[in-house]
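Here are a few exercises to work through with the model open beside you. Take them one at a time, and try each task before reading its solution.

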Amino acid sequence: MKKPWQFVLKVAGRCNINCDYCYMYNLGDNSILSKQKFMSRETFAKSIDAIAEYSRSHHITRVGIALHGGEPLLMGLHRFADFCELTREGLGEDAVIAIQTNGTLLNEEWVKLFARYGILVGVSIDGPAVQHDRHRKDHKGQGTYNAAVRGYQTAKRASSAGIIKEVSIISVIDPTEDPEEYYSWLKNDLAASYVSVLPPDANHDNIDEHYHFSIDQMSNYLISLFEIWWNSTDNISIRLYENIVTMLLGGHSNAELVGSTGATTVVIDIDGDIQIHDVARTCEESQDPRINVHTSSIDSIFSQPGYLELNPSAEEMADDCQNCAVFRYCQGGFVTHRYSNVGRYRNPSVYCSAWFNLITHVYFRLLGSDPAIVGRSRAKVEEVAVH
């Protein structure tokens, strides 16, 4: 099993907005609310020490650290700067530090810190105002679009000026919306360069309870958005599509959504607990004994039954997956999307037919495209790999 090199540190246990699909608070497990609001300095320092020890023992030369929440900007400028100093001291200048934020608190002061520490910035915005505000409201029930876009544009200006690195967008898909409107918004309203589109976190037991769309709608949306992206001349990178094209052209995926049978990151919770994957909280409460950075090594997690179950070999996947023509590309889809009480994680993804339809569509699109279009896609993929 290839050892993970990316770590998610849950530095904030609260959020200033209340997204209806949030796996941390609104999909059945809000246990983080019983913990402290922020990761302590002691726990953060111990986490970095544990990651450094792990990296040395496995000869990992470049580590990825994602500061996550909740909303990580709630931690404040001083604490954030201190945590970045601890990271650079413990892991060196080559460590990749990223932050995922809802953007509503992002201002010029934050941009200065991002520039000082070379932070990669991701902002969560779901689409035009009506779509975004339907799902991403504050705790008073008001939409957060204007504040999120204001924060994004502050970071984008700094990126365009070369002050910070490129800012990326993460959007959770609502397949009842218009993909053409979404793409136009990316291009004209945000001038977006790097985009990740994700289906809402769901499994076989909770999708009907939390969502009101069909998998056919998801399939149609993903294919329609791909066609818009594929036929455009804009330099917008959409990670999902580039990963699929890369795999079909003989390369490898760099994401968990497709192309990986298991979880590729290690999560350290706000209290120092080392976890399998934070989205797994939407499936069931872990039965594994607690492992914490204050008393255990990172390697301790890899022998736990829960970790092994979430990181199966190809031979341990559902029979339907192993016998599927596109399994080598989707690899079963995101691991928590496979869960049910009956088959646990040994099921096809709840989005199985959407992935099958999308991947086969892209496959035949590649076969039927002229070389210039394929070459443009290769160039996009290579640019992202260099970035």
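Two strands count as paired if DSSP finds at least two bridges between them. Keep in mind that this is a predicted model.

**Exercise 1.** Find the sense in which strand 7 and strand 8 pair, and the bridge partner of valine 172.

*Solution.* Start with strand 7 (residues 167-172) and strand 8 (residues 194-198): five bridges join them, in the parallel sense. Next, follow valine 172 across to strand 8, where its bridge partner is leucine 198.

**Exercise 2.** Work out which strands stand at the edges of the open sheet of nine strands.

*Solution.* First write down the strand order, 9-8-7-5-4-3-1-10-11, in which the pairing is mixed. Strand 9 (237-238) and strand 11 (274-275) each have a single partner strand, so they stand at the edges and one side of each lacks a neighbour in the sheet.

**Exercise 3.** Check the span of helix 13 and decide how its buried residues are arranged around the axis.

*Solution.* Helix 13 (residues 352-368) has 17 residues, and at 1.5 Å a residue it should span 24 Å; the end C-alpha atoms are 24 Å apart, which agrees. Now list the buried residues: Ala354, Trp355, Leu358, Ile359, Val362 and Leu366. Seen down the axis, these lie within an arc of 120 degrees, so they line one face of helix 13. Turned away from that buried side are the exposed residues Phe364, Leu367 and Gly368.

**Exercise 4.** Name the residues that touch the most other members of the largest nonpolar core.

*Solution.* Among the 116 residues of this core, they are Leu9, Phe80, Phe114, Ile125, Leu240, Tyr351 and Leu358. Helix 8 (residues 215-230) gives the core its largest share, nine residues.

Notes: Residues numbered from 1 in each chain as written. Predicted model: local features only at pLDDT ≥ 70, side-chain atom pairs only at ≥ 80, totals over all residues. Heavy atoms only, no water. Helix = DSSP H or I, 4+ residues; strand = E, 2+ residues; numbered from the N terminus. Expected span 1.5 Å × (residues − 1). Buried < 20%, exposed > 50% of the residue type's maximum accessible area, 1.4 Å probe, protein only. Arc of directions from axis to C-beta. Core = buried A, V, L, I, M, F, W, Y, C linked by side-chain atoms within 4.5 Å.
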